[in-house]
Amino acid sequence: MPYISKRASVGSGTKFESECAIYGESVIGERCFIGSFCTIGHPRRASLLEHKGKPLSNLDEISGGSRIGNDVVLRSHSVVYELATLEDGVETGHFVLIREETKVGKRTRVGSYSVLDGKVSVGSQVSIQSGVYLPPGSVVEDEVFLGPFVTVTNDLYPPSPVVTGVKVERGAVIGARAILLAGVTVGREAVVAAGAVVTRDVEPESFVMGVPARKVGDRRSYEEKKKRFLQNELR
Amino acid sequence: MPYISKRASVGSGTKFESECAIYGESVIGERCFIGSFCTIGHPRRASLLEHKGKPLSNLDEISGGSRIGNDVVLRSHSVVYELATLEDGVETGHFVLIREETKVGKRTRVGSYSVLDGKVSVGSQVSIQSGVYLPPGSVVEDEVFLGPFVTVTNDLYPPSPVVTGVKVERGAVIGARAILLAGVTVGREAVVAAGAVVTRDVEPESFVMGVPARKVGDRRSYEEKKKRFLQNELR
Amino acid sequence: MPYISKRASVGSGTKFESECAIYGESVIGERCFIGSFCTIGHPRRASLLEHKGKPLSNLDEISGGSRIGNDVVLRSHSVVYELATLEDGVETGHFVLIREETKVGKRTRVGSYSVLDGKVSVGSQVSIQSGVYLPPGSVVEDEVFLGPFVTVTNDLYPPSPVVTGVKVERGAVIGARAILLAGVTVGREAVVAAGAVVTRDVEPESFVMGVPARKVGDRRSYEEKKKRFLQNELR
């Protein structure tokens, strides 16, 4: 049985797989699917710690709620914090963590075990594969592809209190297990190869690889090779 | 209390830790242990999306079920999709995700947080450590060892619709956090060092390391060093 | 509703978010917060396998219990094994796994998806970010910082039965996604850059980077650069 806050609203046609919790003034749209063992509207750290040890029947009372659009799929064992917004058609895998003040744009997919660790901005129609880590301050524009287990950082001199965010511009492709270090911008339509460690800005439409990542080509030649490969494979 | 589909069958001596869900025509063998907050027979993506927004009491109705052998241990917070098969004696950690049309052979162990992301074939007596990622098309033969956080890929030109699977042949050893890029074959009894990035085929019984991985020795010398080390440590 | 063993004790002011399980002779201190879908006192592997298939009402009967101090926060979907000790003020993220015979010191934070995989010793005021892996035999001293997705190994010749632990000495800083190979010691106050692969001991107060990691500076110059950077950013 789902626990749904009296302050929350749930649109028509939305289904809950089984047990889950919707806290605070969460607004959930129509025709959503919410998997088992999910929490929506989890209080952020400061709020939870402030109330720890005080009389408190449950987290519902201190939650500001999340905003979940229409036609959203949130698979099992996922946690969405208060003040997060998932726009229409967002789809997640299992074991996903989306923390406070994060926005995920329309029809974006967030793979299993991925973490949007608070104050993250993700555009629309972005494809985030499994196990991706986006720390606070990360900006991912529309139609970006983030391969499995991409790690983004935000601290140039850890541990420090200054967030130096990474920006991945529209249409860029980041290969599996690449690392994007704090402060870099990956330009529009650029391609970063699997396993690369990106330590400086990547020019738009360039293709980089290696540790540290160096330019080895451009998007046009990448797409030409891809086209030949696909023609060969699919014929 | 576990939810068990009326269409499912559960063998004698099988225990459920507490809450979990068994969907569809799942067949669970004898003497299994199923941890808390697990789902068995979760519908695959196409099926879930097709039914979203339609009248549907729960996922049970649309699940084709999983096949779980005898003496299987599935620890808590794990999800097994429909049309997956776990043979006798398979043992998983916690937070494991095994998606549709995946086969896991006898007495294989799948570590916590590992993902078999659909259409994966894993042999018997394989040791998969924590956090390993195997995408669709991956083939892992018998008695392979996959160290913690090994990542396998399957897309040569991401994002593309063509799956180019990796094959890890019998008895190979893949060190922690190695990456195996789409299409490579790691030969029988080969050893890949921790942190290596494998960009081309690895010969049987060879030992490779580095980024990109290069041959630096063979299995025989690896085993000789290992033997001397163990004799020294265990004496 | 939490399941709390009759053998367990729970201090005053401790709150349970909703469903969870406290097994065996667990002792939980005062003013703790235990999130949904957590298990405390999970039996270790040998114990679970020994009892599989035998009459057993639940895991409670075979659990030796965990020790949880005062003011501990354990967020949702986390699992703590029997014979683990979390001292006062420990705080975890979500999806955390802390296995048997592990000690976590006072006010240490363990990020979401991190694994302390049994027989791990972590000091006080340590900061463990998300997705960190510490295998058996790992020793992390006080005030260490482990960045996101740091992987530590413990097997020089996998797969072998000999544990060769890593030691991270007091005040060291390990950058995101670094790998520390079995047997290395990272000296007091040393800094390891993000993405580095540490294959040999790191001198105290040195700064290393790269694959394999090489010394490129020292802690003093790192702190001087950091200070200038922060002065610039925060002014």
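Start by selecting Ser121 of chain B: Ser121(B) stands opposite Val139(B) in β20(B). What you have open is a predicted model, in which local features need pLDDT of at least 70 and side-chain atom pairs count only at pLDDT 80 or more, while totals for chains, interfaces and linings use all residues. Residues are numbered from 1 along each chain as its sequence is written, chains are lettered from A and ligands numbered from 1 in the order in which they are written, and side-chain values use heavy atoms, leaving out hydrogens and water.

**Stop 1: the sheet in chain B**

Strand β17 (residues 121–122) of chain B pairs with strand β20 (residues 139–140) of chain B in the parallel sense, over two bridges. Strands here are DSSP runs of E with at least two residues, helices are runs of H or I with at least four, and both are numbered from the N terminus. Two strands pair if DSSP finds at least two bridges between them.

An open sheet of nine strands in chain B runs in the order β2-β5-β8-β11-β14-β17-β20-β23-β26, with parallel pairing. Which strands are at the edge? They are β2 (9–10) and β26 (185–186) of chain B, each pairing on one side only.

**Stop 2: a threonine in chain A**

Move to chain A and select Thr39(A), in strand β7 (residues 38–42) of chain A. Is Thr39(A) buried or exposed? Thr39(A) has 0% relative accessibility, so it counts as buried. Buried means under 20% relative accessible area, exposed over 50% and partly exposed in between, using a 1.4 Å probe and protein chains only.

Next, show what surrounds this residue. Apart from its neighbours within four places in sequence, Thr39(A) is in contact with Ala21(A), Tyr23(A), Ser78(A), Val79(A), Val80(A) and Glu17(C). Contact means heavy atoms within 4.5 Å. Ala21(A) is 18 residues from Thr39(A) in sequence, and the two are 4.8 Å apart in space, C-alpha to C-alpha.

**Stop 3**

The area buried between the two chains is about 3,300 Å², with carbon and sulfur atoms giving 65%. Buried area is the accessible area (1.4 Å probe) that two parts lose on being put together, summed over both. In chain A, select Arg45(A), Lys52(A) and Tyr157(A), which lose the most area to chain C, together 19% of what that side buries.

Keep Arg45(A) on screen. Its salt bridge with Glu91(C) has the closest N and O atoms 2.6 Å apart. A salt bridge is a side-chain nitrogen of Lys or Arg within 4 Å of a carboxyl oxygen of Asp or Glu.

**Stop 4: where chain A meets chain B**

Glu91(A) forms a salt bridge with Arg45(B), the closest N and O atoms being 2.7 Å apart.

**Stop 5: salt bridges within a chain**

Over all chains the structure holds 48 salt bridges. Select Glu189(A) and Arg170(A), whose side chains meet in one of them (3.7 Å, N to O). Glu189(A) lies in the loop between β26 (185–186) and β27 (191–192) of chain A, and Arg170(A) in the loop between β23 (167–168) and β24 (173–174) of chain A, so the pair ties together parts 19 residues apart in sequence. Glu189(A) is partly exposed at 22% relative accessible area, and Arg170(A) is partly exposed at 34%.

Finish in chain C with Arg219(C), which forms a salt bridge with Glu189(C), the closest N and O atoms being 3.3 Å apart. Arg219(C) sits in helix α2 (residues 219–234) of chain C and Glu189(C) in the loop between β26 and β27 of chain C, so this pair links distant parts of the chain, 30 residues apart. Arg219(C) is buried, with a relative accessible area of 13%.
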